[in-house]
Amino acid sequence: MVNETQSPASSNAFSFLSRSWKEVRVSADADLQLIRNRANSFKNLATSFDRELENLISSVPSAFSVPSAIRSSRQPAEIDFVKRLQPKLSEFRRAYSAPDFSKRVLEKWGPRGSIRIDLSAIRNAIVSEEADGDGDGVVDFDWARKRRRRRRRVLRFMEEPKVEKDYWEPIRALKARLGEFERRRSTSTSTVDIFEGWKSGEIVEKVKSSLQKAICKEPEDSKKIPPLDVPELLACLIRQSEPFLDQLGVRKDVCDKLVESLCSKRKNQLLMHSLSGEESSIIGNDNMNDELDLRLASVLQSTGHCYEGGFWTDTAKHDMTDQKRHVAIVTTASLPWMTGTAVNPLFRAAYLAKSAKQNVTLLVPWLCKSDQELVYPNNVTFSSPEEQETYIRNWLEERIGFKADFRISFYPGKFQKERRSIIPAGDTSQFIPSKDADIAVLEEPEHLNWYHHGKRWTDKFNHVVGVVHTNYLEYIKREKNGALQAFFVKHINNWVTRAYCNKVLRLSAATQDLPKSIVCNVHGVSPKFLKIGDKVAAERELGQQAFSKGAYFLGKMVWAKGYRELIDLLANHKSDLDGFKLDVFGNGEDAQEVQSAATRLNLNLNFLKGRDHADDSLHGYKVFINPSVSDVLCTATAEALAMGKFVVCADHPSNEFFRSFPNCLTYRTSEDFVAKMREALANEPQPLTPEQRYKLSWEAATQRFLEYSDLERLLNEDRGNGGTVKINGKALAKSVSMPSLTELYDGGLAFAHYCLTGNEFLRLCTGAVPGTRDYGKQHSKDLNLLPPQVENPIYGW
């Protein structure tokens with residue numbers, strides 16, 4: 001029974017050994033056959049080498065050509081030289097064609113073995129012939145010297161070097177040399193001419209030039225670009241030092257004039273000389289700053305210098321692999337809080353996503369339920385971000401009439417009662433994934449970055465645009481010690497916008513003049529208001545009365561929204577406006593004080609609860625009053641004009657955009673206010689033209705935003721050009737090549753701001769909400785984030 005159980009195992013073992021031995025035999029036979037084939041191939045190569053060498057010797061008289069006069073006198077000697085050399089060649093052929101040559105090859109086959117071809121016999125024969133030739137008194141010494149030099153060169157390349165671990169390299173190298181001589185023989189250039197060329201150095205210079213061009217790839221025309229002269233260096237220094245000069249009180253226009261003066265001297269000098277194509281294109285540019293940038297780029301490119309980043313800057317920005325660009329819009333408020341920073345960024349996200357050329361993400365603050373009760377009207381609260389997102393999308397679709405395809409994300413925020421605003425908690429930039437960190441739009445950049453303690457926006461994103469909504473200096477001046485607070489806030493706003501933004505858009509000139517800023521209204525009105533205006537125009541064409549009510553005012557009931565100015569105007573001209581009644585719509589923290597002041601002055605004001613401006617109850621009013629001088633760009637004013645109403649507003653930079661509309665009546669004095677009110681009440685507003693209607697739309701506002709923020713250029717540019725500019729078809733790396741003192745200054749500001757905002761004591765001293773440096777437990781629970789102690793351990797910064 002034991003034998004029966006073991007017999008299958010033993011049979012399997014024997015079959016395994018027999019099969020393995022058979023595989024070893026097959027493998028050994030294959031290796032031996034491979035060795036034989038290689039030995040035979042080497043033998044064939046040796047035979048081929050013999051033929052090539054014989055052809056070389058047979059072509060010696062024609063290859064080493066000399067002048068005809070000398071050739072006739074030396075012909076017998078050269079023939080005799082070949083005849084004497086042929087026996088040595090025959091002996092060489094017999095040695096390397098012997099039958100046992102393959103055996104010797106196999107004996108030397110090994111990891112360190114090498115095969116050498118002994119050319120000593122040929123060498124000795126040539127040397128002996130050379131000695132005989134030197135002793136011949138028939139030839140002249142000049143020809144003998146040239147001949148000796150030529151033969152030495154022949155011996156040098158025929159002497160084969162010892163090469164380890166490369167058995168075929170000697171044959172390959174010798175065949176290459178033989179082929180080179182064969183090509184030279186076929187040309188009309190004689191050996192004497194070649195040697196003379198080597199002697200004069202022309203061939204060496206040509207080889208050096210070709211190698212330099214192949215390795216360095218230096219453009220030939222780069223040597224034509226002259227270096228920067230003293231005026232240009234001074235102009236660069238002044239322009240790069242603008243942040244420092246600005247702190248010293250030297251205005252930007254003064255710096256621009258100095259740069260223009262210095263560059264104009266350079267231009268006059270160049271016009272007196274012949275200019276290269278690059279210089280001519282630079283001089284023809286009207287913008288002096290662009291001229292200087294391109295001049296620097298051309299000089300730096302000609303030197304081969306490439307600037308990879310500054311001391312503070314992070315050059316390893318995310319490289320987008322997707323064909324679509326990504327735009328992240330970050331704002332400081334969210335619906336149902338009906339404020340400008342909640343409504344306008346929402347419309348901007350919808351209309352940017354409408355074109356489908358880019359992916360859009362809207363990042364809004366998430367408030368805990370205790371803060372929601374303080375901020376959101378009508379006791380509206382949400383238990384989850386998904387619930388609030390549903391509310392936002394339903395409200396938006398009702399007003400724009402189409403479904404916007406963009407993503408809504410939330411970041412932790414806390415409400416500050418004193419400032420009546422939401423302060424971000426933690427690093428807001430971390431809630432945009434790295435794969436989407438391409439373009440950032442910061443709605444109210446100064447507000448978002450007052451206490452920002454996290455990654456620098458311009459380091460994480462390729463381009464950062466700030467949109468200024470609020471005139472914070474005007475609000476602060478109304479508070480206790482407002483002048484002193486406004487002084488500090490002004491410089492802090494300059495600090496954070498310079499450090500965190502590439503471009504800043506100010507809705508009107510009523511805002512603070514910030515670095516890198518430009519004034520442009522990039523807001524529009526909802527299509528719902530334009531439809532109301534179309535309805536009013538259609539009723540008037542049919543002869544119906546469109547407006548059955550007088551004047552009204554709508555706005556959040558806080559003093560800064562224009563209620564102080566409104567009460568003063570009505571109180572000073574109570575007699576002039578006898579019988580005038582004004583309906584006021586709004587809710588707010590100062591509602592009780594405003595109503596008490598109006599009652600005390602016996603003003604004819606009817607206070608009503610706040611409501612949506614598109615509410616049906618507001619359609620019948622003909623005149624909208626906006627006396628505010630603290631607004632940046634009143635959204636309610638644009639909506640009233642879109643509905644075809646009269647607007648009576650102050651002659652203020654915040655209303656500059658609306659002055660081109662005939663229904664906008666501006667006043668400068670209180671007496672002028674009375675006159676404009678009477679004019680509006682006595683006449684009918686004009687219907688909007690198609691141009692005026694488009695100017696108020698979000699389509700036009702989005703186009704202005706893309707143009708003035710440089711996003712139109714960024715969204716349409718080729719990803720592969722790396723931000724280069726072209727001069728006569730040649731790309732110059734304008735932004736990458738040139739180091740900038742401004743970038744160093746901005747990076748230093750960002751680093752200092754990061755250090756200061758990391759200290760909780762300093763944050764509290766400047767008015768921050770306690771616990772806003774990092775998000776709390778409730779935020780981590782609501783937003784499904786890591787616990788605070790995990791995200792920011794106690795040993796961290």
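Analyst: Strand β2 and strand β3 (residues 407-416) run parallel and are joined by six bridges; strands here, like helices, are DSSP runs numbered from the N terminus (E, at least two residues, for a strand; H or I, at least four, for a helix), and two strands count as paired if DSSP finds at least two bridges between them. Across this pairing, Pro365 stands opposite Tyr411 in β3. The model is a predicted one, in which local features need pLDDT of at least 70 and side-chain atom pairs count only at pLDDT 80 or more, while totals for chains, interfaces and linings use all residues. Residues are numbered from 1 along each chain as its sequence is written, and side-chain values use heavy atoms, with hydrogens and water left out.

Strand β2 (residues 358-366) is mostly covered, since eight of its nine residues are buried, where buried means under 20% relative accessible area, exposed over 50%, and partly exposed in between, computed with a 1.4 Å probe on protein chains only. Strand β2 also pairs with strand β1 (residues 325-330), to which six bridges join it in a parallel arrangement, and within that pairing Leu362 of β2 is the bridge partner of Ile329. The chain passes from β1 through α15 to β2, and this β-α-β crossover is right-handed, a term used when, with the strands pointing away from the viewer, the path from the first strand over the helix to the second runs clockwise.

The connecting helix, α15, covers residues 340-354, and its 15 residues reach 21 Å from the first C-alpha to the last, close to the 21 Å expected at 1.5 Å a residue; the expected span is 1.5 Å times one less than the number of residues. Because 13 of its 15 residues are buried, α15 is largely enclosed by the rest of the structure. Just after α15, Ala356 takes a positive phi of about 65°.

Ser526 is buried, with a relative accessible area of 4%, and it touches Phe347, Arg399 and Trp698, not counting residues up to four places away in sequence, contact meaning heavy atoms within 4.5 Å. The side chain of Ser526 also reaches the backbone oxygen of Arg399 at 3.1 Å.

Conventions
A polar contact is a pair of N or O atoms within 3.5 Å; within protein, one must be able to donate a hydrogen and the other to accept it, and residues adjacent in sequence count only if both atoms are side-chain atoms.
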